[in-house]
Number of protein chains: 2
Amino acid sequence: MSKLTIALDIMGGDHGPPVILSAAVKAIELHPDVHFLLCGDQAVISPAIQNLTASQRSRVTVSHCDQVVEMGEAPTSALRNKKRSSMRRVIEYVQSNEADACVSAGNTGALLTLSFYLLKTLSGIDRPALISMMPTASHHNVFLLDLGANVNCTPEILFQYGVMGSVLAQEAAGIPSPRVALLNVGEEDIKGNAYVKLADQLFKDAPGINYIGYVEGDDIFTDKADVVVTDGFTGNVALKSSEGLAKLVINEVKRQSQKNFYTRLMAKIAFPLLKSIYNSVNPDQYNGASLIGLRGIVIKSHGNASKDAFYYAIVQAMKEAKMRVPDKIKTKIETVLLEQL
Amino acid sequence: MSKLTIALDIMGGDHGPPVILSAAVKAIELHPDVHFLLCGDQAVISPAIQNLTASQRSRVTVSHCDQVVEMGEAPTSALRNKKRSSMRRVIEYVQSNEADACVSAGNTGALLTLSFYLLKTLSGIDRPALISMMPTASHHNVFLLDLGANVNCTPEILFQYGVMGSVLAQEAAGIPSPRVALLNVGEEDIKGNAYVKLADQLFKDAPGINYIGYVEGDDIFTDKADVVVTDGFTGNVALKSSEGLAKLVINEVKRQSQKNFYTRLMAKIAFPLLKSIYNSVNPDQYNGASLIGLRGIVIKSHGNASKDAFYYAIVQAMKEAKMRVPDKIKTKIETVLLEQL
């Protein structure tokens, strides 16, 4: 493949095709070296791309799909009954190497199941993980995984997650030797459950990983580590509870600002300040969780992603495709496993 | 006992006795019907209480302790080697019924171990839990447990936590029929690990509990539930990761405000607005985690509590003592267990 090809699931997401299509059009306009496979209802896609120039249009292929995986649909139903869905189609393009990566804002469980079934994990990896960036106090980003792909993690799986996270931090964020930490309820060696303690030992025995030990929940945001590893249950709760608090702050700013004439005036004067605070916690810019550990690149956008948020997810897909992240994970896991022999 | 007696560990906490003593003096001044047992180094306590009036002084007993449990000390060491410590002393006062409740800002692990060892759990309760209030969007509070007392929770323990949380929400927050929810990675029935699913069934079978099903991490802050139940590992991570994000926001406000002349001016003008945003997420007002499920009331203050934060923890202790929370938990758990027969 001389140029990148990204497959986009136009039908997924809470806001429907229009938001995703406008993000796709933005990506088509801003990335002249990338080809896009737009998968979904042709009748919806065609009008959205009619204003593209001839050269832009030449980089777009519309792949009509007459099925949609619904947001509340059971993953098994998506697997069995939605063989012509836009979600399945984008993954099939990755499977057949016609696309270098795919992006969907649809049903997370279905995307996980379809990706796992069609793409399979890399050798040495037992289970894929969902990984995403989070903000830190020093304006570096931290990668947190697993965000919910796998709620029951053995120590070996946690270890594999650390290796994968380390590769992604290195390739997608350019960190030379990413600091990998295990999420725990205290930093002392005696803390934690049995799985975490066993995973700690696996990391300590692995020379190829820059393992820094345990961190606690609040350390996710203090730039102590570049990669924070935990099971999918805890990671999902950490992600969502911090997002919940961010939303609480944003709503409180709105509520307090609207209280009376003086607060509205204050908010107007301090708007740039409030805006930059908002931006520091705005989850949009961290949109695009990668489903890693598979033989292909799958990016999961937030279901309620805005145009810009979905665009960030497309950019994340292009970045990982350019860096050939799955190949790098494969090489790294082989090296680490060989070193342990 | 005609009036309340609260035992305070003066020596615990990151800031040392002065902060805790000033909170104690505030409590002595504001609560004329409460007796205080101040446990710690007499030489440090005496000067701090010399300005009290004779009547205030008559409600204070100084209990000299020549040992201190250190913040980093192993719980087993505190149990074996610190039999004359201020932390152990306050719990012993509760054990002997000389105090109705105790408060410490010291080493959490040691406080858990000493309390468990000296007070024992109520009949029907396998393990104590740490529970605390968190803010919500509608300005009601939500109780979250377990915050780290017990990282390995069976479905039965999760169920007992729900019963205890329900009693605390009713007695300490005055909610008539508290909505109890289980923390999970999705709201659908198929989601979650085996323990959570089994606990869900236990709750569904218990008619005395207003169980509303699963909630996700972000729902902690949306006032969907009055009590959110999870294991100590996940609860600790949820608490600390949301605190971490709150700190990130507060630091970002400070950093952005100090950027240049205009932002400093903006921050000055919008100070009341920024202050009220800060207050909405300021963890101080939620200080005072209760260690529930024991035959006595033990309140754990944040180690780095300010004077006001420690004062809130004392108020929490008085509230639970007045409502006789352990008796209420005992009655409730007996009723629920009987109903299940």
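Visitor: Which residues of helix 6 of chain A are buried?
Guide: Gly109(A), Ala110(A), Leu111(A), Leu112(A), Leu114(A), Ser115(A), Leu118(A) and Leu119(A). Buried means under 20% relative accessible area with a 1.4 Å probe, protein chains only. Helices are DSSP runs of H or I, at least four residues, and strands are E runs of at least two, numbered from the N terminus.
Visitor: Where do these numbers come from?
Guide: This is a predicted model, where local features need pLDDT of at least 70, side-chain atom pairs count only at pLDDT 80 or more, and totals for chains, interfaces and linings use all residues. Residues are numbered from 1 along each chain as its sequence is written, chains are lettered from A and ligands numbered from 1 in written order, and side-chain values use heavy atoms, without hydrogens and water.
Visitor: What covers those buried residues of helix 6?
Guide: The cover includes helix 4, helix 5 and strand 4 of chain A. Contact means heavy atoms within 4.5 Å.
Visitor: And what follows helix 6 of chain A?
Guide: Lys120(A), with a positive phi near 65°.
Visitor: New topic. How many salt bridges between chain A and chain B?
Guide: The count is 4. Each is a side-chain nitrogen of Lys or Arg within 4 Å of a carboxyl oxygen of Asp or Glu. One pairs Glu216(A) with Lys240(B), closest N and O atoms 2.1 Å apart.

Notes
Buried means under 20% relative accessible area, exposed over 50%, partly exposed in between (1.4 Å probe, protein chains only).
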